[in-house]
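Reader: I would like to learn how to read a structure. Where do we start?

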Amino acid sequence: MQQLYVNQQFPQDWIRLFTHLANLFFEQSKIVSEIVDKDTINIRFTENLESPSVYAELRWQGKQYEAKFSEEIATTEEREMIRQRKRMYSHALLEVLEQATGMEQEWGILTGIRPTKLYHMYRQEGFSVDEAKQLLQQRHRVSLRKSELIAQIADIQLHALPDLYTLKQEVSIYIGIPFCPTKCAYCTFPAYAIHRKNGRVESFLDGLHEEMRAIGNWLKEHDIRITTIYFGGGTPTSIEAEEMDALYQTMVDSFPYMEHVREVTVEAGRPDTITIPKLEVLKKWEIDRISVNPQSYTDETLKAIGRHHSVQETIDKYWLSREQGMRNVNMDLIIGLPNEGLAEFEHSLAETEKMQPESLTIHTLSFKRASEMTRNKDKYQVADRNTVGLMMTRGEQWAKKNGYIPYYLYRQKNILGNLENVGYAKPGEESLYNILIMEEAQTIIGLGCGASSKFMNPSTGKLTQFHNPKEPAAYILGFEDSIDRKIAYLNEVFQNQTC
């Protein structure tokens, strides 16, 4: 762990900010109150409130580095002034860390998940495309290349959803099915190995049906439309075909204006859960947007990460889905999986090219705190920063060559190479739900185990989060309370909605 000494006392939210920035350069870092040993990084800040500006001096391993950043005062509002001060400190700290390590951070001082949301905010404030890109580069130190990518993605999103900025009076629905055949080593989603002991699956589904009916009734009473519906998890196709059929029946019976819902998606990500009876159920309800996720086209990798299916099964189930009428198929690949380098990723891209799915999301491996992979890092050897960067660039080149456009992007903490996850799609085949959830453009109501709801006030845009219990047993005991609390939030954010 790399320790950094800072010459001043800062509030905890500032310390977290500095730690997140330091973690871009070191696997783990900690801000300490005194110099512990000769390897401790010594950082000295000096702030000039009149300019305003921040000067940073960094001493480490016998060398000294300096940086200064200043901004004009644009507001006297206290919250914005604090944000500006944090921005100046972040700029100065990032620059001296880049000098000391020789590493360049293309995402600049941005450590959050949604950089495209920031660009959309600037556009809604009246800035032109070029001005918004300049703000990303100047205020947030984002590289020219990444700011161009953000602007391209935002433009594609607005073509896919021209009313993206005005969908606050509608909602989308996320329905979480928390079961999988096995749990992948990198996963922290609510995903539990499915078994039929003690009626756990059946009891969970009983609660989910009740939750769907209750939320559907509220939406009908308040005349609120649904933009998109997304069945995620876990793996929603882990349950039996007749159980899927019953869920879709409840969806159609309970939710208002189903004929106006723009998109219904079902993740079928694990190929070992896809069967003809389940595909026939999807077809019955006219659901033709699914995922068939390989993650990798190397059998040894699949075994190492705990996926009990083969590469050939992925290929077979993809073509089976096509034969059964699935019109829009997404696939996922992950950069940086254990023992994979550029050659293995090239192989995965070559196999994907044979199938030409409507969309492909290229994820970068993230060491999530509660995952098996993070708990046992020594067991999983992953690619270095330079290699994962080459893999991401190769993915961009492949997508362009094969007629895919980037339509959504998000980032995660502890992501390899400080990179990103990018969703590519054939033009016109973009997932509307992915755009809406990533840009936080409307209320998303989460139903089922571990589902997260984000309630957006249509007038102010303010977001309030609520999480359903993660474990099936806790969900079964508490789903009625979760329904009541969600309805209370809905009443609050839509209080001026015409009934």
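Author: Helices (H or I, at least four residues) and strands (E, at least two) are DSSP runs, numbered from the N terminus. This is a predicted model, where local features need pLDDT of at least 70, side-chain atom pairs count only at pLDDT 80 or more, and totals for chains, interfaces and linings use all residues. Residues are numbered from 1 along each chain as its sequence is written, and side-chain values use heavy atoms, with hydrogens and water left out.

Reader: Which residues of α4 are buried?

Author: First, the general idea. An α-helix has 3.6 residues a turn, so residues three or four places apart point the same way. Buried means under 20% relative accessible area (1.4 Å probe, protein chains only). In α4 that holds for Ala-132, Lys-133, Leu-135, Leu-136 and His-140. They sit on the same side of α4 because they cover an arc of only 155° around the axis, taken from the directions from the helix axis to the C-beta atoms.

Reader: What covers the buried residues of α4?

Author: The cover includes α2, α3 (115-124) and α5 (144-160). Contact means heavy atoms within 4.5 Å.

Reader: What is the order of the strands in the open sheet?

Author: Strands of a sheet pair through backbone hydrogen bonds, either parallel or antiparallel. Two strands pair if DSSP finds at least two bridges between them. Here five strands run in the order β2-β1-β3-β4-β5, with mixed pairing. β2 (29-32) and β5 (63-70) are the edge strands, each pairing on one side only.

Reader: How many bridges join β1 to β2?

Author: Four, and the two strands run parallel. Tyr-5 has Val-32 in β2 as its bridge partner.

Terms used:
Buried means under 20% relative accessible area, exposed over 50%, partly exposed in between (1.4 Å probe, protein chains only).
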